[in-house]
Amino acid sequence: MSSEVPVWAVIPAAGSGSRMRQDKPKQYLEFQGKTVIEHCLDRLLSHPAIDGAVIVLHADDPIWNELAYHSNKTIFIADGGRERQHSVYSGLTTLQYRCGNDALALVHDAVRPLVNHDDLSRVIAAARAHTAGAILAATQNDTLKLQNDSMEIARTVPREGLWRALTPQVFHLQVLLNALRRIIDDDIAITDDAQAVELAGYSPALVAGNAENFKITTPGDLALAEKIWLNQRNQQDDE
Ligand code: C5P
């Protein structure tokens with residue numbers, strides 16, 4: 001609907017990927033003939049509710065320009081920062097400069113190429129309905145153990161009510177900008193964007209998402225991602 005605020009994907013892709021022990025950052029590893037970040041962009045930019053994307057790249061990014069990625073939707077580029085939170089903040093300021101304050105920022109890791117359209121639709125709808133924004137998250141199926149200093153089980157942690165935060169995480173641009181500015185000014189370490197918004201006193205909504213939308217982190221993850229991607233494509237073909 002044209003009266004709804006636009007939704008822009010903000011994709012932090014400025015990490016160096018040291019955990020992969022590869023010469024390339026993990027968003028540039030390939031499966032099925034495309035890099036991980038191109039798979040992400042294909043999924044995000046083909047969603048009808050997403051108006052465009054801001055991609056946040058490392059100053060010495062070795063590969064993005066070579067990809068010559070094409071989309072009919074607008075893509076802006078922003079400069080990455082020291083930690084993920086600095087990179088996201090940079091992407092948001094670029095979005096604000098280009099499009100003004102009236103937007104939803106859908107922040108999605110460049111290393112989660114398996115997000116599906118149904119989850120995107122549901123998290124965007126929840127963020128439209130919720131001032132504090134909304135995130136995709138997965139429930140815990142395994143029993144959770146807390147360790148002691150000797151790497152023994154200190155106790156079992158009840159898993160009821162516990163969720164694993166995924167991305168996308170969708171917020172009104174100004175809510176997330178203000179929350180991240182405070183985190184950066186106070187030099188607080190956070191591990192996702194919702195945490196900044198929580199520390200600003202808001203309670204973002206939880207939207208149950210598909211656990212297949214996982215973050216590529218180790219070398220073995222790439223083969224798993226390809227398997228899930230092929231499975232998803234076969235399921236689509238069957239529909
Ligand atoms: O390192 P981690 O797995 O948490 O990275 C999640 C996402 O954040 C990746 O897409 C990575 O490229 C991005 N990132 C970033 N700037 C940093 C660190 C990570 O854009 N300084």
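**Entry 1: helix α4**

I started with α4, where the buried residues are Asp119, Leu120, Val123, Ile124, Ala126 and Ala127. They cover an arc of only 160° around the axis, so I place them on the same side of α4. The arc is taken over the directions from the helix axis to the C-beta atoms. For my own reference, buried means under 20% relative accessible area, exposed over 50%, and partly exposed in between, with a 1.4 Å probe and protein chains only.

A note on what I am looking at: this is a predicted model, in which local features need pLDDT of at least 70, side-chain atom pairs count only at pLDDT 80 or more, and totals for chains, interfaces and linings use all residues. Residues are numbered from 1 along each chain as its sequence is written, and side-chain values use heavy atoms, with hydrogens and water left out.

I then checked the length of α4 (residues 117-129): its 13 residues reach 18 Å from the first C-alpha to the last, close to the 18 Å expected at 1.5 Å a residue. The expected span is 1.5 Å times one less than the number of residues. Helices (H or I, at least four residues) and strands (E, at least two) are DSSP runs, numbered from the N terminus.

**Entry 2: helix α7**

Next I looked up α7. Its 20 residues should span 28 Å at 1.5 Å a residue, and the end C-alpha atoms are 30 Å apart, which agrees. I found Asp221, Leu222, Ala225, Ile228, Trp229 and Gln232 buried in α7. Seen down the helix axis, the buried residues of α7 fall within an arc of 130°, so they line one face. On the other side of α7, Gly220, Lys227, Asp237 and Asp238 are exposed. The cover over the buried residues of α7 includes β2 (30-31) and α1; contact here means heavy atoms within 4.5 Å.

**Entry 3: the second largest pocket**

I came back to α7 by way of a pocket. The second largest pocket has a volume of about 370 Å³. Of its 15 lining residues, the closest to the centre are Arg43, Asn116, Gln232, Arg233 and Gln236. Two elements, α1 (36-45) and α7 (219-238), each give two or more residues to this lining, and the largest share, 5 residues, comes from α7. I sorted the lining into 2 nonpolar, 8 polar and 5 charged residues.

My pocket terms: on a 1 Å grid over the protein atoms alone, a pocket is an open set of points where a 1.4 Å probe fits, with protein on both sides within 12 Å along at least five of seven lines, and lining residues have an atom within 4 Å of a point. The volume is the space filled by probe spheres set on the points. Ala, Val, Leu, Ile, Met, Phe, Trp, Tyr, Cys and Pro count as nonpolar, Asp, Glu, Lys and Arg as charged, and the others, Gly among them, as polar.

**Entry 4: Gln85**

I looked at Gln85 in helix α3 (residues 84-99). At 7% relative accessibility, Gln85 counts as buried. Leaving aside neighbours within four places in sequence, I see Gln85 in contact with Leu180, Ile183, Ile184, Ile188, Ala189 and Ile190.

Most residues other than glycine have a negative phi, and most peptide bonds are trans. I noted a cis peptide bond between Thr167 and Pro168, with omega about 10°; Pro168 sits in strand β10 (residues 163-172). Gln32, not a glycine, has a positive phi of about 50° and lies in the loop between β2 and β3 (34-35). At 35% relative accessibility, Gln32 counts as partly exposed. Met151 has a positive phi near 60°, in the loop between β8 (144-147) and β9 (153-157). Met151 is exposed, with a relative accessible area of 65%.
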